[in-house]
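The following paragraphs lead the reader through a protein structure, from its overall architecture to selected details. Please keep the sequence and the model in view while reading.

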Amino acid sequence: NFPHEHTPDQTKAIKEVMRDMSGDEPMERVLTGDVGFGKTEVAIAAALRAAANNRQVAVLAPTTILADQHFEVFCDRLSGFGVETARLTRLESPERIKEISKKLENGALDIVIGTHKILGKNLVFKNFILIL
């Protein structure tokens, strides 16, 4: 579902992230680069690995627009992998927020992508591993 070849830097970053995720120590990695150089692709690979291992992922975006864009890209790339993804921003209804919260708590949601709302004290993850 990935529409283009990874660059050598993306391939290297993905390998390093996967190695870090396999280690005994918690991963502490910052991935930097200019806009449009594929950081999101690396994040998608890490999120898929976490979800495939029954862990939950939170993707933090600084703006609602970026959260929307990431949500669309993640859903597109991860379709067919059985990964449940949701968006959590100020635009969700109170009912939708409750639904997302319940799914996170019972483990039915693999990836939540959103703004600062994903850092709320009222969100409880069943098997949380990663903030991207």
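**Architecture and selected details**

Read along the sequence, the protein follows the pattern α-α-β-α-β-α-β-β, with four helices and four strands. Helices (H or I, at least four residues) and strands (E, at least two) are DSSP runs, numbered from the N terminus. This is a predicted model, in which local features need pLDDT of at least 70 and side-chain atom pairs count only at pLDDT 80 or more, while totals for chains, interfaces and linings use all residues. Residues are numbered from 1 along each chain as its sequence is written, and side-chain values use heavy atoms, with hydrogens and water left out.

The C-alpha trace of the protein spans about 45 × 35 × 25 Å along its principal axes. The radius of gyration, taken over C-alpha atoms, is 14 Å. This value agrees with the one near 14 Å for a compact globule of 132 residues, the globule rule being 2.2 Å times the number of residues to the power 0.38. Of the contacts with a separation of 6 or more, 71% join residues 24 or more positions apart; contact means heavy atoms within 4.5 Å. Buried residues make up 38% of the 132 residues, where buried means under 20% relative accessible area, exposed over 50%, and partly exposed in between (1.4 Å probe, protein chains only).

Strand β1 (residues 56-60) is mostly covered, with four of its five residues buried. Strand β1 runs parallel to strand β3 (residues 111-114), and four bridges join the two; strands pair if DSSP finds at least two bridges between them. Within this pairing, L60 stands opposite G114 in β3.

Helix α3 (residues 64-78) contains H70. H70 counts as buried because its relative accessibility is 15%. Leaving aside residues up to four places away in sequence, H70 touches T40, V59, A61 and I113.

The second largest pocket holds about 240 Å³ of space. Its lining comprises 14 residues, of which D9, Q10, A13, L31 and T32 are the closest to its centre. Helices α1 (8-22) and α2 (39-52) are the elements that give two or more residues to this lining, and α1 gives the most, with five. By class, the lining has four nonpolar, five polar and five charged residues. Here Ala, Val, Leu, Ile, Met, Phe, Trp, Tyr, Cys and Pro count as nonpolar, Asp, Glu, Lys and Arg as charged, and the others, Gly among them, as polar. On a 1 Å grid over the protein atoms alone, a pocket is an open set of points where a 1.4 Å probe fits, with protein on both sides within 12 Å along at least five of seven lines; lining residues have an atom within 4 Å of a point. Grid points are joined across faces, edges and corners, and a volume is the space filled by probe spheres set on the points.
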